[in-house]
Amino acid sequence: MTVSTIIEKLKTQHTAAREELVFLLNEITDSDREALRRAAQETAQGVFGNKIYIRGLIEISSVCKNDCLYCGLRRSNQNAVRYRLTEEQILSCCDKGYALGFRTFVLQGGEDGFFTDEVVCDIIRAVKTRHPDCAITLSLGERGEESFQKLFDAGADRYLLRHETADSAHYAKLHPDSMRGEERQRQLFALKRIGYQTGAGFMVGSPYQTTENLADDLLFLKRLEPQMCGIGPFIPQKDSPFRDFPQGSLDLTLTLLSVIRLMHPRILLPATTALGTIHPKGRELGILHGANVVMPNLSPVEHRKDYAIYDNKICNGEEAAECLVCLKRRIQSIGYQIVTSRGDYCGAPSDTIV
Ligand code: SAH
């Protein structure tokens, strides 16, 4: 077994065995990394050219009933500043985003009981009435199949629900007893069944994570076949129980982005804000390693700092328009271009991939 043969297998067969994935992640050298990166970049360019899709992220609530040990919005964090946006505020973020060229809005938030099915359905319908050519992505945690169906029927197109870790024992170390990894996975399969473009994903370098866990995350993605996948480094949050754990590694995150691109050539794969937070060129590096999506923040500036899932989150002070100018410049500097389109998952047969 060599790393090069495993990279070759990922390139041609889009999969590998668990022990091969573990071997690759443990033994990869700098020159292997460059070969993997190049293969992933070529694969992404074969599908998407030099186009980068943008998603406007609107953080609708910092209120959460959960108590995930890594997250700054966890219920037990007394220092968290809690806010929730009104429907008017959300619509105004969408209007501003639309004028800037956004055609996907991601409504993300803690698991906030205020946002009942009725409230969220009203918001979905209002956004769709004003912007019928836009996609709505929800990222509101575990709501259960019945709720997912109602929101889908109201017009939601996509749902992001990171599985966080595929290993149930590892999941239990990151979450309170009330949460179960199996349940989260069950909800992910339900989202797919309902017809959502579905996003899974995990943190890289979360406390207690092993290489075997990461291999299992990759194999879980292979079983689920999500249309989107969000990964980013774990970043400690000062008021969370994991405040003293080290942040996830840049190189490992980039390696995993490339592996995911090779395993899922058409997947919508963001260069995440967390990646941009741990390195000044993190998002550009993500794109060069196979990512094809960026998610600038459209939340009202006065609330940005309060959606503090981890420390030092970037773009806390800038208006959406400024963020977009900065991002456009960054993306052009590496030979790519931001496009205005919904950027839906394109499920055409893989023989069209160059
Ligand atoms: N409540 C929603 C949205 C959570 S925030 C949900 O449950 O899906 C989105 C993602 O941020 C989480 O899924 C998690 O993977 C990531 N995240 C949370 N805390 C983090 C931290 N300290 N470092 C890095 N990523 C984190």
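Ring pairs join Phe148, Phe152, Tyr159 and Tyr196 into a cluster. Rings of Phe, Tyr and Trp (its six-membered ring) pair if their centres lie within 6.5 Å; planes under 30 degrees apart count as stacked, over 60 as edge-to-face and the rest as tilted. The structure holds eleven aromatic pairs.

This is a predicted model, in which local features need pLDDT of at least 70 and side-chain atom pairs count only at pLDDT 80 or more, while totals for chains, interfaces and linings use all residues. Residues are numbered from 1 along each chain as its sequence is written, and side-chain values use heavy atoms, with hydrogens and water left out.

**Aromatic pairs**

- Among the eleven aromatic pairs is the edge-to-face pair of phenylalanine 189 and phenylalanine 220, at 6.2 Å centre to centre and 90° between the planes.
- This pair ties together parts that are 31 residues apart in sequence, because phenylalanine 189 lies in helix α8 (residues 181–194) and phenylalanine 220 in helix α9 (residues 211–224). Helices are DSSP runs (H or I, at least four residues), numbered from the N terminus.
- Phenylalanine 189 is partly exposed at 33% relative accessibility, whereas phenylalanine 220 is buried at 0%. Buried means under 20% relative accessible area, exposed over 50%, and partly exposed in between (1.4 Å probe, protein chains only).
- Phenylalanine 242 and phenylalanine 245 have ring centres 5.2 Å apart and planes at 75°, so this pair is edge-to-face.
- Phenylalanine 242 is buried, with a relative accessible area of 3%, and phenylalanine 245 is partly exposed at 25%.

**A charge over a ring**

- Arginine 103 lies over the face of tyrosine 98, 3.6 Å from the ring centre. A charge sits over a ring if NZ of Lys or CZ of Arg is within 6 Å of the ring centre and within 35 degrees of the ring normal.

**The ligand**

- There are 17 residues around the ligand, of which Tyr70, Gly109, Arg162, Glu164 and Ile235 come nearest. A residue counts as near if one of its heavy atoms lies within 4 Å.
- By class, this shell has nine nonpolar, five polar and three charged residues. Ala, Val, Leu, Ile, Met, Phe, Trp, Tyr, Cys and Pro count as nonpolar, Asp, Glu, Lys and Arg as charged, and the others, Gly among them, as polar.
- A polar backbone atom of glycine 109 is 2.9 Å from a nitrogen atom of the ligand, and a backbone N or O atom of isoleucine 235 lies 2.7 Å from a ligand nitrogen atom.
- An oxygen atom of the ligand lies 3.2 Å from a polar side-chain atom of arginine 184.
- The protein buries 91% of the 550 Å² that the ligand exposes when taken alone. Accessible areas come from the Shrake-Rupley method with a 1.4 Å probe.

Note on methods. Helices (H or I, at least four residues) and strands (E, at least two) are DSSP runs, numbered from the N terminus. A polar contact is a pair of N or O atoms within 3.5 Å; within protein, one must be able to donate a hydrogen and the other to accept it, and residues adjacent in sequence count only if both atoms are side-chain atoms.
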